[in-house]
Amino acid sequence: MSQKLSSVLASALEKLERRLPLIARTAVTTYAAGSPLYGDTAPEHLHLHMAHTVREIGRLFISALREDRELTEEETLPLAERARERAEDGLPAEDLLDAYLLIGELFWRELSALARPGPDERDQGSGSTDSRAAERAALLLAVGPLLSHLHRTALAGVRAHQEESRLILGSIHDPSRRAARALLAGEQAPEAPGLELVDSYAVLALAITPDAAERTGNPTGRQIAGRRKVHRVEQEAARALAPCTLSALDATGGVLLVPVPVASDPPHQALLRLAGAAGADVVAAWAPPVKNADLPTTAERTREVLRLAVVGGATAGVHVLDDVLLEYQLARPTSARERLLALAHVLRSEPRLLHTLHAYFDNDWARLRTARALGVHPNTVDNRLLRIAALTGADPSTSRGLVLLGAVLTLERTAPESTGSTPEC
């Protein structure tokens, strides 16, 4: 627009600026309803990110139109960055372009409605025709700038999306991830430019709970949030552990290979930083550095230590083999283990007895404290313990019986085939 902004259009722009939050909400719900990715429900991440983009595009359009100028490349950089994030989330390019076109359409509809004066503003009599002609002329002057604005913002976004998509496609065969997979499989890690490999790595196995965004209930939203979480954890791992840390993580966890030289002690402080980056609880198991040839066995053992820590109730912290020695040993496949599992099965057939036995051990074999914890009479505890001895042949009133039953309870809690369900009393 080369001429001064008309009063009609200037008034419409003022109203448009005030209505940007409403337009943003409309854009989100309309886009979600028309997208096969979402259906009728717009997830939280869409309200957060797309709404912000709509408001930013509207703000830039109004500013450029008022000042009779084109957008600068610097002004489009934040929009390009958000388009990169959408590519990282796995959003197809056509969906991104669909969103931009929808935003432009909504802005035009809103301008068309706002540029018309209300009933109390309209001229009466013969002057009304001239007024409507002025309105149409003002709107026509806005068409060019709006299309130009849409052209520049959409082009910046799509270009950034394409660039990031190419990087992501390359990352599927990312040298560091390929190296981690190869080392964990006992294979020779492929060499690649810029990839520094060492002869020994420490193993950090992680179990990561869903963050708040992953609980949205929408499959697409959960997937996007999970990818973001992994990306944050990997970035923090490079800072908190070592720059050349190799990652084999997904949204639920996985393994980090930390190159030497590293401290042989478990990285408790680093784990706190990883949990902060994840925005979720993170439980870890740690094995000190080993030669690359030993990584498959070490990683398998470390994953098992992590599993045992998690099923044992751990919600945070770094765990090592010494923390779960009994559980780890009982998890080894032996004939004796099968007999212990058979005893656990016997107890599961009477869940109240199993729950009583857990409480008895939790209270260090004190019958009065056990009775209070269960809310029953001490004689009831005695009767149940006698029933346990009769069913299993292991008498909890003897040291041998306690050791045997302790092993049974440990297996009952940690064995993958265990149900672990018990009543309250």
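Modeller: Start with helix α12 (residues 335-348) and helix α16 (residues 399-414), which pack at an angle of about 80° with their axes 9 Å apart. Helices here are DSSP runs (H or I, at least four residues), numbered from the N terminus. Axes are lines fitted to C-alpha atoms over the stretch in contact, and angles run from 0 to 180 degrees between N-to-C directions. The two helices are therefore roughly perpendicular, a label for angles of 65 to 115 degrees.

This is a predicted model: local features need pLDDT of at least 70, side-chain atom pairs count only at pLDDT 80 or more, and totals for chains, interfaces and linings use all residues. Residues are numbered from 1 along each chain as its sequence is written, and side-chain values use heavy atoms, with hydrogens and water left out.

Now the residues. From α12 come Arg337, Leu340, Leu341, Leu343, Ala344, Leu347 and Arg348; they meet Leu404, Ala407, Val408, Leu411 and Glu412 of α16. Contact means heavy atoms within 4.5 Å. By class, this contact has nine nonpolar, three charged and no polar residues. Nonpolar covers Ala, Val, Leu, Ile, Met, Phe, Trp, Tyr, Cys and Pro; charged covers Asp, Glu, Lys and Arg; the others, Gly among them, are polar.

Next, the cores. A nonpolar core is a set of buried Ala, Val, Leu, Ile, Met, Phe, Trp, Tyr and Cys residues joined through side-chain atoms within 4.5 Å. Buried means under 20% relative accessible area, exposed over 50%, partly exposed in between (1.4 Å probe, protein chains only). The largest core has 42 residues, and Leu16, Tyr31, Met50, Val54, Tyr100, Phe107 and Leu111 have the most contacts inside it. Helix α3 gives the most to this core, 10 residues. A second, separate core of 25 residues includes Leu341, Phe361, Val408 and Leu409. Leu341 and Val408 also belong to the α12 and α16 contact.

Look at Tyr100. Leaving aside neighbours within four places in sequence, Tyr100 touches Ile57, Leu79, Ala83, Leu150, Thr153, Ala154 and Gly157.

Leu9 sits in helix α1 and is buried, at 1% relative accessibility. Leu9 and Leu111 are 102 residues apart in sequence, yet 8.3 Å apart in space, C-alpha to C-alpha.

Last, a loop. Trp365 lies between α13 (351-362) and α14 (367-374). Its phi is near 60°, a positive value in a residue other than glycine. Most residues other than glycine have a negative phi. Trp365 is partly exposed, at 45% relative accessible area.

Methods
Parallel < 35°, antiparallel > 145°, perpendicular 65-115°, else oblique.
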